[in-house]
Amino acid sequence: MGDLLSGFADALTPENLLWAFIGVTIGTAVGVLPGIGPALTVALLLPVTFRLEPAAALIMFAGIYYGGMYGGSTTSILLNTPGESASVATALEGNKMARAGRGAAALATAALGSFVAGTIGTIALSVAAPVVADLAVNFGPPEYVALMAVAFVTVSALLGPSLLKGAASLVIGATIGLVGIDTQTGQARLAFGLPSLFDGIDVVIVVVALFALGETFAHLVAGTGDSRVTPLRGQPMLSREDFRRSWPAWLRGTALGFPIGSLPAGGADVPTFLSYSLEKRLSKHREQFGRGAIEGVAGPEAANNAAAAGVLVPLLTIGLPTSATAAVILTAFQSYGLQPGPQLFSESGDLVWALIASLYIGNVLLLVLNLPLARAWVRLLTIPAYGIYAGVLVFACLGAFAAGGTIADLLVLTVLGLIGLLMREAGVPVAPAVVGLILAPLAEQQLRRALALSEGDWSVLVSSPLTVVLWVVVALALIAPPVLARRRRRVSRTREETSSTH
Amino acid sequence: MRITWRPAAAGPFVAAGLATLLLVVSLAAGRDDEGFLNGRQLRLMAPAAPGGGWDQTAREMQAALRDEAGRTEVYNVAGAGGTIGLSQFVRFERDPTQLMVMGLVMVGAIESNDSPVALDRTTPLARLLTDYEVIVVPADSPVRSMDDLVTLMKDDVGKVSWAGGSAGGIEQILAGLVTDAIGANPADVNYVAHSGGGEALSTLLSGRATVGVSGVSELVGQIRAGTIRPIAVSSPQRLPTLPDVPTLKEQKVDVELANWRGVVAPSGIGAEEERELEDLLMRMTRTEAWQETLQRRGWLDASLAGPQFDRYLIDERRTVTDVLKKMGLA
């Protein structure tokens with residue numbers, strides 16, 4: 001506790017506060033731009049910061065990191081163009097809300113949810129990091145296979161109204177995920193001999209293409225370029241009702257996001273999908289899902305930010321970067337002579353505590369910056385579609401080019417954008433494609449690793465208590481909904497019968 | 001067309017514009033310096049994503065070259081063990097201001113990816129540094145030395161699972177070389193590939209792999225903390241960072257493997273230009289900034305330029321191709 005307080009003392013100097021503010025502002029800005037993520041920003045700023053005090057630089061990077069997570073929700077909600085995979089779940093309900101004139105409420109619940117989750121996540125990081133890290137290292141390939149199975153059976157809520165179309169989209173995503181050199185054998189798959197496809201297709205490019213380009217092309221085809229959305233209808237900010245529906249979703253999102261984010265191969269996208277499915281299952285307003293349910297924004301946004309804090313657990317305690325941004329922050333650590341790992345807290349404790357303290361401060365600054373901005377952002381919708389989507393197109397291309405640095409990336413972006421348009425025209429939802437794109441390769445690699453380690457013995461998949469527990473969850477998730485549905489039907493029928501006898 | 005200016009609506013665009021401007025300025029705000037390049041700026045390609053070894057090398061060079069050659073631009077072209085970057089780099093023929101970081105991993109990737117472009121279409125300038133590999137086991141593993149491991153492998157090569165980085169990369173090459181050296185068949189190696197050293201480490205820590213292989217600098221923290229136990233390093237002599245860990249050769253496994261990194265220029269540059277660039281790089285390796293970098297990152301100085309480096313490259317290519325062929329990867 002004393003460590004954390006002295007960390008606050010280090011981080012709260014006017015100069016460091018300024019760096020934190022610069023960090024969150026840049027972070028929010030790059031989070032808003034599709035495709036230009038915090039990883040690239042930190043990498044570009046790294047050489048510039050060599051002259052800074054290590055504490056100041058790390059504080060700025062922490063601000064960029066959290067800020068990027070915040071900013072990502074804005075374009076998802078307002079324009080249905082998530083800039084990264086972790087914001088996809090937010091776009092599902094958030095954009096429906098924006099179109100119904102509830103954009104400000106969606107942005108507000110996203111900002112508050114991010115703040116709540118970020119704060120709880122940071123607290124968990126400062127008190128429980130070593131414990132969580134110990135648990136996380138027990139996660140080997142068999143455990144991941146079981147976790148992926150849980151994810152697959154629970155994300156059905158994301159598939160949309162038609163199971164067939166949702167599954168088709170899932171398969172399209174999984175196929176895109178297969179492109180590139182296979183990690184286990186080093187052989188290229190579905191690359192058609194094109195060297196640019198050897199490294200696979202960047203998830204960011206797929207997300208930007210399917211959502212942003214698909215959306216743009218759809219406006220073009222439908223000739224709705226002149227359309228605009230009424231930005232505000234009814235109450236501008238969170239109503240009491242909204243708040244009452246949001247806060248449990250924030251907490252559940254946080255509970256999913258932090259632990260999964262802490263896993264060495266967890267990441268921030270899987271918990272957002274799980275949170276969306278969970279909210280849809282638990283909601284008393286299920287009929288609103290698909291038409292703008294606020295829980296569907298609150299949960300995934302909280303999960304996203306809690307996972308962002310969780311990602312720092314393996315980074316700080318094992319020296320294991322689990323996202324692109326974490327990898328770059330690791331580089332930053334090393335250039336200041338910090339070696340993340342089990343001894344980081346004992347060897348360079350004061351810097352680490354300053355970093356953790358600045359995460360708290362960054363969170364508060366972000367809330368201060370973003371809550372009032374929500375109303376301003378919503379005004380974006382008053383620009384006609386052609387204006388907005390021209391800008392989106394520019395940044396989508398810029399982002400795709402920045403991600404890979406080759407013209408081929410732009411071609412891939414365009415082709416995938418056309419696929420996105422075809423899917424839209426056929427009424428196939430695009431979100432499941434992103435789920436397939438992320439889950440399928442992960443599940444495949446982990447399954448093959450598990451089997452390689454056991455020399456082909458399938459019993460490795462249930463070789464630890466943790467895997468057994470996860471498979472039981474899978475079984476429950478498969479069996480419970482139909483059973484519950486039948487019971488509910490029976491109950492309502494008996495109720496009808498009793499009421500009719502009267 | 002009528003466009004009305006609304007301050008509130010412009011907010012996001014102003015923010016976006018500012019951020020872009022900041023990024024561009026941070027890249028371009030260099031100073032013009034007269035040197036042998038006549039004030040032209042060097043551009044240095046890191047053929048990998050930000051954060052990896054080549055990227056780190058390029059960005060450290062950028063810092064160390066500041067006094068020698070002014071502002072250098074670093075950019076990333078990620079993918080396929082550097083072969084995507086290489087295939088773009090060969091287009092800069094005769095341009096001495098373009099440089100690319102490369103290393104053993106690229107030599108291997110060219111073979112295992114069947115890359116249409118090889119390093120013979122570049123002008124090798126210098127080797128700069130090496131990072132050696134270390135073979136580790138979980139702290140509670142019964143394996144205590146290379147002898148134990150060799151016994152296990154001679155019993156059944158497939159029973160020993162190796163967790164390491166990408167397929168065909170340096171870790172798998174080392175696993176193949178070790179297997180070959182003890183007289184077993186490298187094609188039987190049970191190698192479990194991961195996208196990076198960190199992921200491989202987590203598989204090893206979960207207790208499911210027999211041994212792990214990774215760069216020394218990546219694992220030093222874990223080794224010091226005692227969560228994993230080193231059993232051998234791939235260097236010719238013991239390493240200053242891990243003085244208690246014996247080499248493979250000390251343990252009667254005749255293998256030596258360095259994960260070296262170097263720099264190449266495009267083909268077709270003049271002999272004079274080549275000499276000037278090599279001089280520049282050698283001067284850089286002697287700067288205080290560079291020596292401090294090596295120290296900080298746990299890299300070892302391995303400067304080698306001119307015809308010696310050309311010969312070294314040919315040798316390395318032969319060794320790597322040979323073992324990859326035996327493993328059925330090339």
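Is A:Glu455 buried or exposed, and how many C-beta neighbours does A:Glu455 have inside 10 Å? The count is 12, so A:Glu455 is exposed. The cut-off for exposed is 12 or fewer, so 12 still qualifies. One caution before I go on. This is a predicted model.

Stay with A:Glu455 for a moment. Its phi is near 55 degrees. That is a positive value, in a residue other than glycine. Where does A:Glu455 sit? In a loop of chain A, between helix H18, residues 431-453, and helix H19, residues 465-501.

Chain B has a case to set beside it. B:Lys252 has phi near 65 degrees, again positive and again not a glycine. B:Lys252 is in a loop too, between strand E8 (228-233) and strand E9 (258-266) of chain B. It has 11 other C-beta atoms within 10 Å, so B:Lys252 is exposed.

Chain A first. It has 502 residues, and 61% of them are buried. Its secondary structure comprises 19 helices and 2 strands. Take the contacts in chain A with a separation of 6 or more: 81% of them join residues 24 or more positions apart.

Chain B next. Here we have 12 helices and 10 strands. There are 330 residues, of which 54% are buried. For contacts with a separation of 6 or more, residues 24 or more positions apart account for 76% in chain B.

On to helix packing in chain A. Two packed helices are described by the angle between their axes and the distance between the axes. I have two pairs to show.

Pair one is H2, residues 14-32, with H4, residues 54-79, both in chain A. Their axes are 6 Å apart, and the angle is about 30 degrees. The crossing of H2(A) and H4(A) is right-handed. By class, their contact has 19 nonpolar residues, 12 polar and 1 charged.

Pair two is H9, residues 203-222, with H17, residues 407-425, again in chain A. The axes come within 7 Å and cross at roughly 60 degrees. H9(A) and H17(A) are therefore oblique to each other. The handedness is right-handed here as well. Which residues make the contact? From H9(A), they include A:Ile205, A:Leu213, A:Gly214, A:Phe217 and A:Val221. From H17(A), they include A:Asp409, A:Val412, A:Leu416, A:Gly420 and A:Arg424. The contact of H9(A) with H17(A) splits into 14 nonpolar, 3 polar and 2 charged residues.

Next, A:Tyr389, in helix H16 of chain A, residues 385-404. Buried or exposed? A:Tyr389 has 23 other C-beta atoms within 10 Å, so it is buried. Leave out residues up to four places away in sequence, and A:Tyr389 touches A:Thr216 and A:His219.

A:Gly290 and A:Thr119 are 171 residues apart along the chain. Their C-alpha atoms are separated by 29 Å. A:Gly290 belongs to the loop between helix H11 (269-282) and helix H12 (295-317) of chain A. It is partly exposed, because 15 other C-beta atoms lie within 10 Å.

Last topic: the domains of chain B. How is chain B divided? The domain assignment gives domain 1 as 41-130 + 259-326, and domain 2 as 132-251. Over C-alpha atoms, the centres of domain 1 and domain 2 of chain B are 26 Å apart. At the boundary, 15 residues of domain 1 contact 16 residues of domain 2 in chain B.

What supplies the domain 1 side? Helix H5 (104-112) and helix H12 (306-326) of chain B each give at least two residues. H5(B) has the largest share, with 5 residues. By class, the domain 1 side that touches domain 2 of chain B has 7 nonpolar, 6 polar and 2 charged residues.

Back to where I began. A:Glu455 is exposed, and its phi is positive. B:Lys252 is exposed, and its phi is positive too. That's my set. Thanks.

Methods
Residues are numbered from 1 along each chain as its sequence is written. Chains are lettered from A and ligands numbered from 1 in the order in which they are written. This is a predicted model: local features need pLDDT of at least 70, side-chain atom pairs count only at pLDDT 80 or more; totals for chains, interfaces and linings use all residues. Axes are lines fitted to C-alpha atoms, for helices over the stretch in contact, and angles run from 0 to 180 degrees between N-to-C directions. Helices (H or I, at least four residues) and strands (E, at least two) are DSSP runs, numbered from the N terminus. Angles under 35 degrees count as roughly parallel, over 145 as roughly antiparallel, 65 to 115 as roughly perpendicular and the rest as oblique. A crossing is left-handed if the near helix is turned anticlockwise from the far one by less than a right angle, and right-handed if clockwise. Two residues are in contact if their C-beta atoms, placed from the backbone, lie within 7 Å. Ala, Val, Leu, Ile, Met, Phe, Trp, Tyr, Cys and Pro count as nonpolar, Asp, Glu, Lys and Arg as charged, and the others, Gly among them, as polar. Domain bounds come from an automatic or database domain assignment. A residue is buried if 20 or more other C-beta atoms lie within 10 Å of its own, exposed if 12 or fewer, and partly exposed in between; C-beta atoms are placed from the backbone.
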